[in-house]
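Welcome, and thank you for taking a look with me. Please open the sequence and the model side by side, and then walk through the points below.

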Amino acid sequence: GDILDGYLRTDGVWILTRNKQFYKTNNEKECAEKCEAERNFICRAFLFTRKTLQCLTLADNSKMTVTFNSTDAVLYEKKVYLLQCKKGIGMDYRGTEAKTQRGIICQKWAEKTPHNPKYTPEKYPYAGLDENYCRNPDGDENGPWCYTTDPATRFDYCRIPECESHCMQCNGEDYHGEVSQTESGLKCQRWDAQEPHMHAFTPKHFPEKDLKMNYCRNPDGELRPWCFTTSPSKRWEYCNIPSCTTHPPTSGLGSQCLSGKGEDYRGRIAVTELGNACQHWNTQFPHRHGWIPDRYPCKGLEENFCRNPDGEKRPWCYTVNSSVRWEYCAIPSCEGTEQGIAGMNVPAQVPLPEECYRGKGQSYRGTASFTVSGKKCQAWNSMFPHRHEKTPDRFPNADLRENYCRNPDGDNSPWCFTTDPSVTWEYCSLQRCDAYTRE
């Protein structure tokens, strides 16, 4: 097959890492060949820039470090290093679980304390013995294991779920099975088709969501996998995918601090950055909401701790203040992140945060995603809950990324469609830049 089949492609993303190598290549395939042949480190991903034809092989992937928006870049990550489940006894498992089944932190494979290891990266260079991740270098029938940081316990097994294609973990966001009919028996519409239902969930728009054929998927964080149906009278419906019997993967590295958008943050901070106490996730007062812990078992919605279940810019929570529905939380960055960013070459394409707009805001490229009344913006390539024609394909120069406020049609200021079914669109909660310079 194609060498790129083993990689997950993400457009417009730059990844920061100290361990990288620069190459001049003509295309992505040549860059992938450089990654496969890399001997300076384990190559888990590569970046390719279309304009400069620059290839960067990387030791890290998006699960291990921070990412930035970068218009010209394409990130390719080796799928094997993104997979958080095991096949069989897991000899090829390359995920980032680093705790044993009893919760003990794993010892790094290259270290000799508290246990002197038999299996080391030098002796077993192809066993993936990097960091302190669970591995199975000796083909143990009980699956991946690690030496532990507990002097009284030399090694222990890790709890790694099976890659079961016939069942789903959590809410099925990683389901890759081949069920193609809904729970009521309707046949699913192909994701690359627009009949009988027009939609924006195409493989082109969501290359990382595995929208193959007409298989049930969960590309938008719904309760479980679903599909558009081939019945003109039924737009979409959930699929009947059973839950896996094995435990879902536990949160990985950096869970007590902020890494990336903080979707893996599992710390105990429960107050917003402006000092408001957080509302418990399992309560509906003072704010009613849909993030109910039982519905989303893998989002870490415990107590009233700050979390990021919906891919926001960083962890947040509903507040106990009835006049403030939600706010972001101040989560400390993971150790070394700030120093790491300072010591790395950030590409010129990475935009600085913008909190204001100039003129009518047609050049605004910030990441604000809420309206003047506090409603969350609908993604531009989504047709839920509002169908529209302001798509990235129709307005290629308007930077209609994610659900960020934009002004593609020359309106008075940046705006967006809202996620409130009763309100189609609103202007965004942004000020003109000259408002900040007034006394």
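1. Cys35 counts as buried because its relative accessibility is 2%; buried here means under 20% relative accessible area, exposed over 50% and partly exposed in between, with a 1.4 Å probe and protein chains only. Its partner is Cys43: the two form a disulfide with their sulfur atoms 2.0 Å apart, where a disulfide is a pair of cysteine sulfur atoms within 2.5 Å. Cys43 is buried too, with a relative accessible area of 3%. The link of Cys35 and Cys43 is left-handed, with -110 degrees about the S-S bond.

2. A word on what you are viewing. This is a predicted model, in which local features need pLDDT of at least 70 and side-chain atom pairs count only at pLDDT 80 or more, while totals for chains, interfaces and linings use all residues. Residues are numbered from 1 along each chain as its sequence is written, and side-chain values use heavy atoms, leaving out hydrogens and water.

3. Now for the whole chain. The protein chain has two helices and 15 strands; these are DSSP runs numbered from the N terminus, with helices being H or I of at least four residues and strands E of at least two. For 439 residues, a compact globule would have a radius of gyration near 22 Å, and the 23 Å of the protein chain agrees with that. This radius is taken over C-alpha atoms, and the globule rule is 2.2 Å times the number of residues to the power 0.38. Along the principal axes, the C-alpha atoms fill a box of roughly 65 × 55 × 50 Å.

4. How much of the chain is buried? Of its 439 residues, 46% count as buried. The accessible surface comes to about 22,600 Å², and 48% of it belongs to carbon and sulfur atoms; such areas come from the Shrake-Rupley method with a 1.4 Å probe, and for residues only the protein chains shown count as cover.

5. Back to the cysteines. A search of the whole structure finds eleven disulfides. One of them joins Cys31 to Cys55, with an S to S distance of 2.0 Å. This pair links distant parts of the chain, with Cys31 in helix α1 (residues 28–37) and Cys55 in strand β4 (residues 54–58), 24 residues apart. The torsion about their S-S bond is about 85 degrees, so this disulfide is right-handed. Both Cys31 and Cys55 are buried.

6. Please look also at Cys377 and Cys416, which form a disulfide with sulfur atoms 2.1 Å apart. Here too distant parts of the chain are linked: Cys377 is in the loop between β12 (356–357) and β13 (415–417), and Cys416 is in strand β13, 39 residues apart. The torsion about the S-S bond is about -75 degrees, so the disulfide of Cys377 and Cys416 is left-handed. Cys377 counts as buried at 3% relative accessibility, and Cys416 counts as buried at 0%.

7. One last stop is Thr272. Thr272 lies in the loop between β9 (236–238) and β10 (316–318), and is buried, with a relative accessible area of 5%. Which residues does Thr272 contact, leaving aside its neighbours within four places in sequence? They are Cys278, Cys317, Thr319, Glu327, Tyr328 and Cys329, where contact means heavy atoms within 4.5 Å.
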